[in-house]
Amino acid sequence: MHLDELEVRGFGKLKGLTVTLIDGMNIIYGCNEAGKSTLQWFIKGMLYGLKSGRQRLNGLGAPQKRFKPWDGSPYSGALIYTLDDGKSFRVERNFDTGIVRVFDSSYGNITDSFEIGRDKLPMFAQQHMGMDERTFERTAFIRQMKIRLDEDSSVALASKLSNVSGTGFEEISFLSAEKALSDALKNH
């Protein structure tokens with residue numbers, strides 16, 4: 001699965017923002033307080049919703065309240081994504097009302113085709129990605145300052161990212177393959 005487009009109508013400081021993403025690795029960068037982490041939370045919120053309970057986010061309150069638009073804009077957005085089989089979907093979510101709608105590529109409303117979770121909302125992300133919210137948070141949702149790498153780990157991570165961007169697989173390394181071929185040619 002890959003994300004194609006983010007449409008932020010209102011989420012925290014972000015308003016009227018459309019971000020088009022490419023298949024592969026996308027890097028979001030900007031100055032401090034530009035909204036990078038807010039955009040990350042928008043993605044998580046679009047996929048899994050925002051819990052309104054007592055959960056704290058760095059002592060700043062529950063995400064449902066924390067990301068309410070600062071200027072009163074509609075607290076909503078849309079996300080377009082494509083599965084590995086090429087099927088595309090659009091999710092529209094209103095964080096104020098809790099309404100979530102999922103559309104197929106023909107803009108047919110398929111929301112009712114998904115299992116309903118304890119929060120009474122469709123579990124489309126879990127079905128399409130094959131991972132629940134907790135797994136998503138522990139793997140794909142790396143929060144600011146939550147990862148610390150020593151030099152060896154940094155080199156290993158850079159190598160894996162290079163392999164993924166070059167081959168699509170983290171375990172396949174062009175450098176290792178090239179060295180193995182070179183060694184084989186020398187030996188034979």
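Trainee: Is Tyr81 buried or exposed?

Mentor: Tyr81 counts as buried, at 1% relative accessibility. Buried means under 20% relative accessible area, exposed over 50%, and partly exposed in between, with a 1.4 Å probe and protein chains only. Keep in mind that this is a predicted model, where local features need pLDDT of at least 70 and side-chain atom pairs count only at pLDDT 80 or more, while totals for chains, interfaces and linings use all residues. Residues are numbered from 1 along each chain as its sequence is written, and side-chain values use heavy atoms, leaving out hydrogens and water.

Trainee: OK. And Phe124, buried or exposed?

Mentor: Phe124 counts as buried, at 0% relative accessibility.

Trainee: What about Phe95?

Mentor: Phe95 is buried at 6%, and Tyr75 is buried at 1%.

Trainee: How are the rings of Tyr81 and Phe124 arranged?

Mentor: Their centres are 6.4 Å apart and their planes at 20 degrees, so the pair is stacked. Rings of Phe, Tyr and Trp (its six-membered ring) pair if their centres lie within 6.5 Å; planes under 30 degrees apart are stacked, over 60 edge-to-face, and the rest tilted. Tyr81 sits in strand 3 and Phe124 in helix 3, 43 residues apart, so this pair links distant parts of the chain. Helices (H or I, at least four residues) and strands (E, at least two) are DSSP runs, numbered from the N terminus.

Trainee: How many aromatic pairs are there?

Mentor: The structure holds 11. One of them is Tyr75 with Phe95, a tilted pair at 5.1 Å centre to centre and 40 degrees between the planes. Tyr75 is in the loop between helix 2 (63-66) and strand 3 (76-82), and Phe95 in the loop between strand 4 (88-94) and strand 5 (99-104), so the pair ties together parts 20 residues apart in sequence.

Trainee: Which residues do ring pairs link into a cluster?

Mentor: Phe11, Trp41, Phe42, Phe67, Tyr75 and Phe95.

Trainee: Switching topic: how many residues of helix 1 are buried?

Mentor: 10 of its 13, so helix 1 is mostly covered. Among the buried ones are Trp41, Phe42 and Tyr48.

Trainee: What comes just after helix 1?

Mentor: Gly49, which takes a positive phi of about 85 degrees.
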